[in-house]
Every structure is written in C-alpha cells, then in structure tokens.
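Trainee: I've got a new model open and could use a quick tour. Can we go through it together?

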Amino acid sequence: MKMRKIIIATLAIFAVISSCSKKDNTCDYDPCALKAPAAEITQLETYLSGAGITATKHCSGMYYQIITPGADKAPGVCSYVSVNYKGMYTDGTVFDQTTTTPYISTLIALIEGWKKGIPLIKKGGKIKLFIPPTLAYGPTPSNGIRANAILVFDVELLDLQ
C-alpha cells in the first residue's frame, strides 16, 4: 500500500510538471486562425468610419490603435499579464474598468480580441482595441455585457511574466 501511494504521488508530480512545460500546445496560438464574420467586420468598419476613427485592421477582423508601443518584450499568449483597462460600447458607455488594482490573468484565459491585441504592444505600452462580437463575448451576455456588442477597450500593459 505504501508503494502504491509513492507511485501515485510521483505520477501526480510528473503530471503537474509536464502540464507547465513550455512545449504545451496551448501556447502555439495562431492569432489569425479565428476570424470575425464579414458582416461583423463591415459593422465595425461602418462604426469606425462614421466616428472618424483611423485604426489598423488585424488579420482576424478586429481593429486597433497602438497609442504607446512600450519597450522590452511583448507577451505571448501563455504569459501572465497585468493591465489597466477600460471597456466601452461604441456609444462610449463604460461597462467595466480597473480602478485601483490592475487586472492580472494569463492571456490565454481572456477573450479572443485581447489574445490577439495585447501581444501587439510591449511592457508599458497602451493600445485601443475595437473588437467585433465573435472575438469578444458573441451572442451570450456576460457579466452585464450586452450580447453581440462591438467592444472598445483602452488597455495599458503594466507588466508580464
């Protein structure tokens, strides 16, 4: 029985170590693989044009403006990021923001638009993301965020690991 416990403990430790391996396929992320549908991209482009906003189109169909590029290194999708942000609808209504404490998470756990957009800047950088619904929360309302909404985020990348 004692030998069985040792084997189980050894296997558990091995599983934890191998799940943290740099060779984990979840870190092999193609930011262009998931694209917004043409109708959403057209809707986003109509908004940008009507508001007189000039932004760069990402291969996924979202748009962005790099406010400050930052320095040092950019995060990968498996990086932990520390950010300050403000999330808005296209009418300017703020639906969420950091106030006193930065938001910290692995990038892979966040919405597609953040996974694609935040790696475009480096530590200390600031970016504005214009995200179509498919790359945000889609047809499902989430934490008070409207379904099928184009979202606008001001994001400052404070730190990464």
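What follows is a chat about the layout of the chain and its salt bridges.

Mentor: Before we start, this is a predicted model, where local features need pLDDT of at least 70, side-chain atom pairs count only at pLDDT 80 or more, and totals for chains, interfaces and linings use all residues. Residues are numbered from 1 along each chain as its sequence is written, and side-chain values use heavy atoms, with hydrogens and water left out.

Trainee: Okay, how many helices and strands does the protein chain have?

Mentor: There are three helices and seven strands; these are DSSP runs numbered from the N terminus, with helices being H or I of at least four residues and strands being E of at least two. Along the sequence the pattern goes α-α-β-β-β-β-β-α-β-β.

Trainee: And what percentage of the residues count as buried?

Mentor: Of 161 residues, 35% do. Buried means under 20% relative accessible area, exposed means over 50%, and partly exposed is in between, using a 1.4 Å probe and protein chains only.

Trainee: Switching to salt bridges, how many are there?

Mentor: Five. A salt bridge here is a side-chain nitrogen of Lys or Arg within 4 Å of a carboxyl oxygen of Asp or Glu.

Trainee: Which residue pairs up with Glu 45?

Mentor: That's Lys 57, with the closest N and O atoms 3.7 Å apart. Glu 45 sits in helix α2 (residues 38-50) and Lys 57 in strand β1 (residues 56-57), so the bridge ties together parts 12 residues apart in sequence.

Trainee: What about Glu 112, which lysine does it bridge to at 2.9 Å?

Mentor: Lys 115, and 2.9 Å is the distance between their closest N and O atoms. Both residues are in helix α3 (residues 112-117), three residues apart, which puts about one helical turn between them. Glu 112 and Lys 115 are both buried. There's also a network of salt bridges linking Glu 112, Lys 115 and Lys 116.

Trainee: Nice. Where does Lys 128 find its partner?

Mentor: At Asp 154, where the side chains meet in a salt bridge of 2.7 Å, N to O. That pair links distant parts of the chain, 26 residues apart: Lys 128 is in strand β6 (residues 126-131) and Asp 154 in strand β7 (residues 151-160). Asp 154 counts as partly exposed, at 24% relative accessibility.
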